[in-house]
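Q: Could you walk me through how to read strand pairing, salt bridges and cores in a model like this one?

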Amino acid sequence: MRETAVQARPDQVQWEFPTDEVPRTIVGQESSINCVYLLGSVLWCGGGNGLIKGWSLEATKVPAVELKGHRGYISSLVAHEEGGTLYSASYDRTVRAWQLSPGRGQYQCLETFFSHTHAVSGLQFCRIRTQQFLFSASVDKTVVGYAVQQENRTTTFYHGSHKILCFKVHSGFLFVANGADVEQYYLFGGEDQADKTSAAHYSGHTGDVTCLTIGGPYLLTGSADHTVRAWDLNGGGTCSHILKGHGGGLWTVLVSRDVLFSGGRDGSVIAWDYASATELTTYEGHEGSVFGIAVADRHLFTCAADKTVRRWRLTNRPDPEDGLERPRGQTPMPVTTLEPIRPPPSPPESPPPLSPGADARLRFSPIDGRLNRNCPGNALPFDDADTSSTASQLLPPTDPNALKRMKRLL
């Protein structure tokens, strides 16, 4: 094992990957933790029960904030830091926007997007030219983009023939997992798969590609076949090397400082120098599949099916009080900025009638349990239940105007 993975910049702490590391369990929830997103000194966690919890890393005994609204497994979290907004994807077929910035409505749902007809599998926030986009992918075989600066105007960028478990938008290209293969398309131009302009095709895995990311000149893909493959982006679909070390299928990959972190069904996280296919170290301790990874300057955060988030040191330097490395002179975010949400008043025995002009889209009937049975931890692949659900399946039949509103939205 190499002692160091990368050359650290002057403002970074050198990673030594200590081998005697004993992880600290910093979060324990009542359900599996499926994704994590680190924003400042707050760790946001998405659960299998549909709850999103924000934990202050300065006081992790209780969650500081709970965001309630989803009715299914949370699959992905991303943030628009400039806009103070957190976005969440769920198997209840929706994407929600939550206000994080202080003021009236803080920690409340700003908007719910109903652009998909099946479980939403992933999110990505990025800037394209002068526009900021939120992208979402779904088992309904589509990738949808929301123009944040244009009142979230919705555009379907891709409609394929396979359920989409993972995707990536990068440098004007769209990378989409297509079963055991990955297709690279030019992002703009065409919507249906037959109309998209193909740039490259990556084939070699023997199991479904479940996660992917970009690292330098490589496309890095994790698969149910227990391996990670590194593909040369300039090689027309050539596999440069295969990273073998996991004892189960992969669920998540993340690149930070030219180091690849991968986690999967075997409960371990492996750090790789992916350019040389060298395994740097392995982190073991979770008692279930590892679903999500986040990296601060000196710590690795991992979440898993065992209902915990664990924090691992990446350096031999002693931890600061809250465990986060910050630029010199920057102070921690005070805990008081995350006030616990008071329980809502008890609901009336029967819901009040909708006022004229009210948005009936936000009134849901109970979601069929079918949407949650294929969450990570259960069998892959997703079942091939009808993914051509109509808008009428997402809404209670009691409101005759709701379907019209949904069709206009879609």
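Q: Which residue is the bridge partner of glutamine 184 in strand 17?
A: Two strands count as paired if DSSP finds at least two bridges between them. Here glutamine 184 has alanine 200 of strand 17 as its bridge partner. Strand 16 (residues 181-186) and strand 17 run antiparallel and are joined by 4 bridges. Strands are DSSP runs of E, at least two residues long, numbered from the N terminus. One caution as you look: this is a predicted model, where local features need pLDDT of at least 70 and side-chain atom pairs count only at pLDDT 80 or more, while totals for chains, interfaces and linings use all residues. Residues are numbered from 1 along each chain as its sequence is written, and side-chain values use heavy atoms, with hydrogens and water left out.

Q: How many salt bridges does the structure hold?
A: A salt bridge is a side-chain nitrogen of Lys or Arg within 4 Å of a carboxyl oxygen of Asp or Glu. There are 3 in this structure, and Glu30, Lys53, Glu66 and Lys68 are linked in a network of them. Glutamate 30 meets lysine 53 at 3.1 Å, N to O. This pair links distant parts of the chain, 23 residues apart: glutamate 30 is in the loop between strand 1 (24-28) and strand 2 (33-39), and lysine 53 is in strand 4 (residues 52-56). Lysine 53 also bridges to glutamate 66, with the closest N and O atoms 3.4 Å apart. Glutamate 66 lies in strand 5 (residues 65-67), so its pairing with lysine 53 of strand 4 ties together parts 13 residues apart in sequence. Glutamate 66 in turn bridges to lysine 68, at 3.7 Å between the closest N and O atoms.

Q: Is lysine 53 buried or exposed?
A: Buried means under 20% relative accessible area, exposed over 50%, and partly exposed in between (1.4 Å probe, protein chains only). Lysine 53 is buried at 5%. Glutamate 30, at 45%, is partly exposed, as is glutamate 66 at 26%, whereas lysine 68 is exposed at 54%.

Q: Which residues touch the most other members in the largest nonpolar core?
A: A nonpolar core is a set of buried Ala, Val, Leu, Ile, Met, Phe, Trp, Tyr and Cys residues joined through side-chain atoms within 4.5 Å. In the largest one, of 16 residues, they are Phe135, Val143, Phe167, Val169 and Leu174. Strand 11 supplies the largest share, 3 residues.
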